[in-house]
Amino acid sequence: MGKHAQEAFTAQLYAQYYQPLEKQCRRIVQYNPELDELISDCLQKVFLKAFQAYDKLKDHPNVGGWLFLTTRNALMDELRRYNRQQALSALPIDSCTERALPSLYDYVEQFIENDAVQQCINAVIFSLTPGEKEIFQKHFMEGMGVLEIADENGVTQGAVKGAIHRIRLKAKAVKKQTNFLSILFVSYWIFQSLNI
């Protein structure tokens with residue numbers, strides 16, 4: 001009965017809120033048709049979160065408010081990720097070719113092989129607390145958004161954003177102490193990724 005009630009609850013939320021949430025998302029992206037798939041994926045994730053948070057939401061006093069806030073936050077995370085990937089995919093791999101980069105992760109893997117860059121990343125990671133290291137791994141290396149990390153770790157989004165801010169400050173300190181030419185890439189990558 002519990003699983004059936006959970007599915008029925010989520011189906012009711014979907015029927016009642018999908019279109020208003022979709023309209024909210026379209027307004028946020030200024031009705032850009034190129035982002036329709038991104039909106040659809042975002043809403044799918046939000047309703048999956050609602051399904052997973054059934055025990056919390058079944059007695060929630062403002063389920064609609066929770067859905068709208070969760071949707072806005074998830075969409076903003078997706079837009080940041082999308083914009084980061086668009087910016088990085090426009091960069092050439094080297095001066096000899098003009099082809100665009102396929103993704104942030106391919107780009108990062110190529111540069112991590114460079115020993116100097118690895119040393120810079122190690123210096124940043126060495127300066128982090130265990131909790132910050134986990135957030136660094138999830139946010140920068142795996143591309144997870146603030147909301148995803150907060151949900152997975154059972155902490156608030158503010159706590160995750162605070163940790164990301166501390167990581168940024170520590171990365172700046174490492175940048176000042178390092179003479180590696182490759183730090184330009186690391187700095188660009190970290191500071192673009194931290195654009196909250």
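Guide: Start with F9. This is a predicted model, and in it F9 has a relative accessible area of 15%. Buried means under 20%, so F9 counts as buried.

Now find its partner, Y54. F9 and Y54 form an aromatic pair. Their ring centres are 5.4 Å apart. The planes make an angle of 70°, so the pair counts as edge-to-face, which requires over 60 degrees. Y54 is buried too, because its relative accessibility is also 15%, again under the 20% limit.

F9 belongs to helix α1, and Y54 belongs to helix α3. They are 45 residues apart, so the pair links distant parts of the chain. The structure holds 5 aromatic pairs. Elsewhere, ring pairs join Y14, Y18 and F47 into a cluster.

Next, the nonpolar core. The largest one has 25 residues. L13, L67 and L75 have the most contacts inside this core. Helices α1 (2–28), α2 (36–52), α3 (54–57) and α4 each give two or more residues to it. The largest share, 7 residues, comes from α2.

Take L67 as an example. Leave aside its neighbours within four places in sequence. L67 then touches L13, Y17, L21, V46 and A50. A second, separate core has 16 residues. Among them are I121, F140, M144 and A163.

One more residue deserves a stop: D77. It lies in helix α4, which spans residues 63–89. D77 has 9% relative accessibility, so it counts as buried. Beyond its neighbours within four places in sequence, D77 is in contact with G145, V146 and L147.

Now step back to the whole protein. It has 10 helices and 0 strands. From the N terminus on, the elements run α-α-α-α-α-α-α-α-α-α. Of its 196 residues, 40% count as buried. Consider contacts between residues at least 6 apart in sequence: 66% of them join residues at least 24 apart. The protein exposes about 11,300 Å², and carbon and sulfur atoms supply 53% of that area.

Finally, return to the starting point.

Key: Residues are numbered from 1 along each chain as its sequence is written. This is a predicted model: local features need pLDDT of at least 70, side-chain atom pairs count only at pLDDT 80 or more; totals for chains, interfaces and linings use all residues. Side-chain values use heavy atoms; hydrogens and water are left out. Helices (H or I, at least four residues) and strands (E, at least two) are DSSP runs, numbered from the N terminus. Buried means under 20% relative accessible area, exposed over 50%, partly exposed in between (1.4 Å probe, protein chains only). Contact means heavy atoms within 4.5 Å. Accessible areas come from the Shrake-Rupley method with a 1.4 Å probe; for residues, only the protein chains shown count as cover. A nonpolar core is a set of buried Ala, Val, Leu, Ile, Met, Phe, Trp, Tyr and Cys residues joined through side-chain atoms within 4.5 Å. Rings of Phe, Tyr and Trp (its six-membered ring) pair if their centres lie within 6.5 Å; planes under 30 degrees apart count as stacked, over 60 as edge-to-face and the rest as tilted.
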